[in-house]
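Have the structure open as you read.

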Amino acid sequence: GNPASIEAFADSIEGPVAVLVNNAGESQSGPVEELPLDALQRLVQVNFTGHVDLTQRLLPAMRAAGRGRIIMVGSMLGSFPLAYRGSYAASKAAIKAIAIALRREVRRFGIGVSVVEPGAINTGISLRRTKYVKNDGPYAAEFDTMITNLDANEAKGISTQGLVAELFKAIDDKRPAAFYAAGSSAPVAFSAQRALPLEIMQNLVHRKHGLQPRD
């Protein structure tokens, strides 16, 4: 996500890239009220701006070649935001939105753009998650409940190999879809989204993380 490293990496590539997978990310958690602004800005740089930066740098050669695939790795939370994961969900929603726009812009140049939105993936990321919450604050108890359930869900999530298999679908499909959902009931959730009101879907997402709806 570092701008200098992105520039150096892009400059080191000769010729057009056949497949670009944007997958860098930070898993940030915390109540919105207590998120430090610098942490939020770092998250946006790593999870969103850096992806756009690298894509911009590689697109001219891809466009000139008239071919290529761009895969943005989002998250199920980009479509189903979760309390105490607002900043992370927002960064993934931004990735989804810009990919939709980019998909239409570059399709006439033979470039396909897709978003892969996985659910829980068992990568061990719970050990590297950044957390911003006051231990004695008003959100602490509920935050701890969410984190405990989040870590448990991720421990039972799909393997990284399962995600890679979904990425290859987006790469290999002759007509790549705009969205691919992978693992952790994500396909079921996206199907249910078309039939259920938003509030019910949000309640289901929060129940899965130990957070009960309140009157």
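## Helices side by side

Helices α2 and α3 run roughly parallel to each other, and that follows from their angle, which falls under 35 degrees. The angle in question is about 15 degrees, and the two axes lie 9 Å apart. Before going further, keep in mind that this is a predicted model.

α2 covers residues 37–65 and α3 covers residues 86–106. The way α2 passes α3 is a right-handed crossing. On the α2 side, the contact is built from Leu40, Leu43, Asn47, Phe48, His51, Val52, Thr55 and Leu59. α3 answers with Ser87, Tyr88, Ser91, Lys92, Ala94, Ile95, Ile98, Leu102 and Val106. Sort the residues of this contact by class and you get eleven nonpolar, five polar and one charged.

α2 has another partner in helix α1, residues 3–12. Here the angle is about 25 degrees, with 10 Å between the axes. With that angle under 35 degrees, α1 and α2 therefore also count as roughly parallel to each other. Their crossing is right-handed. From α1, the contact takes in Pro3, Ile6, Glu7, Phe9 and Ala10. From α2 come Gln45, Gly50, Asp53, Leu54, Arg57 and Leu58.

## The chain as a whole

Now for some context. The chain holds seven helices and six strands, and reading along the sequence gives the pattern α-β-β-α-β-α-β-β-α-α-β-α-α. Of its 215 residues, 43% are buried. Take the contacts with a separation of 6 or more, and 79% of them join residues 24 or more positions apart.

Which residues touch the most other members of the largest nonpolar core? They are Leu58 and Ile70, in a core of 19 residues. The elements giving two or more residues to this core are α1, α2, β3 (68–73), α3 and β4 (111–118). α2 supplies the largest share, with six residues.

Leu58 also shows up in the contact of α1 with α2. Setting aside neighbours within four places in sequence, Leu58 is in contact with Ala10, Ile13, Val17 and Leu20. Apart from this core lies another one of 13 residues, including Met76, Tyr84, Tyr88 and Ala89.

| Pair | Separation in sequence | C-alpha to C-alpha distance |
|---|---|---|
| Leu43 and Glu26 | 17 residues | 6.3 Å |
| Tyr84 and Asp144 | 60 residues | 9.8 Å |
| Asp172 and Arg69 | 103 residues | 9.3 Å |

Start with Leu43, which sits in helix α2. Its relative accessibility is 0%, so Leu43 counts as buried. Leaving out residues up to four places away in sequence, Leu43 touches Glu26, Gln28, Phe48, Ser87, Tyr88 and Ser91. Ser87, Tyr88 and Ser91 belong to the α3 side of the contact between α2 and α3.

Next, Tyr84 is in the loop between β3 and α3. What is the phi of Tyr84 near? The answer is 70 degrees, a positive value in a residue other than glycine. For comparison, most residues other than glycine have a negative phi. Is Tyr84 buried or exposed? Buried, because its relative accessibility is 11%, and the cut-off for buried is under 20%. Once neighbours within four places in sequence are left aside, Tyr84 is in contact with Ser29, Gly30, Pro31, Tyr139, Glu142, Phe143, Met146 and Leu211. Tyr84 is also among the members of the core of 13 residues.

Finally, Asp172 is found in helix α5, residues 160–172. Is Asp172 buried or exposed? At 55% relative accessibility, Asp172 counts as exposed, since the cut-off for exposed is over 50%.

Notes
Residues are numbered from 1 along each chain as its sequence is written. This is a predicted model: local features need pLDDT of at least 70, side-chain atom pairs count only at pLDDT 80 or more; totals for chains, interfaces and linings use all residues. Side-chain values use heavy atoms; hydrogens and water are left out. Axes are lines fitted to C-alpha atoms, for helices over the stretch in contact, and angles run from 0 to 180 degrees between N-to-C directions. Helices (H or I, at least four residues) and strands (E, at least two) are DSSP runs, numbered from the N terminus. Angles under 35 degrees count as roughly parallel, over 145 as roughly antiparallel, 65 to 115 as roughly perpendicular and the rest as oblique. A crossing is left-handed if the near helix is turned anticlockwise from the far one by less than a right angle, and right-handed if clockwise. Contact means heavy atoms within 4.5 Å. Ala, Val, Leu, Ile, Met, Phe, Trp, Tyr, Cys and Pro count as nonpolar, Asp, Glu, Lys and Arg as charged, and the others, Gly among them, as polar. A nonpolar core is a set of buried Ala, Val, Leu, Ile, Met, Phe, Trp, Tyr and Cys residues joined through side-chain atoms within 4.5 Å. Buried means under 20% relative accessible area, exposed over 50%, partly exposed in between (1.4 Å probe, protein chains only).
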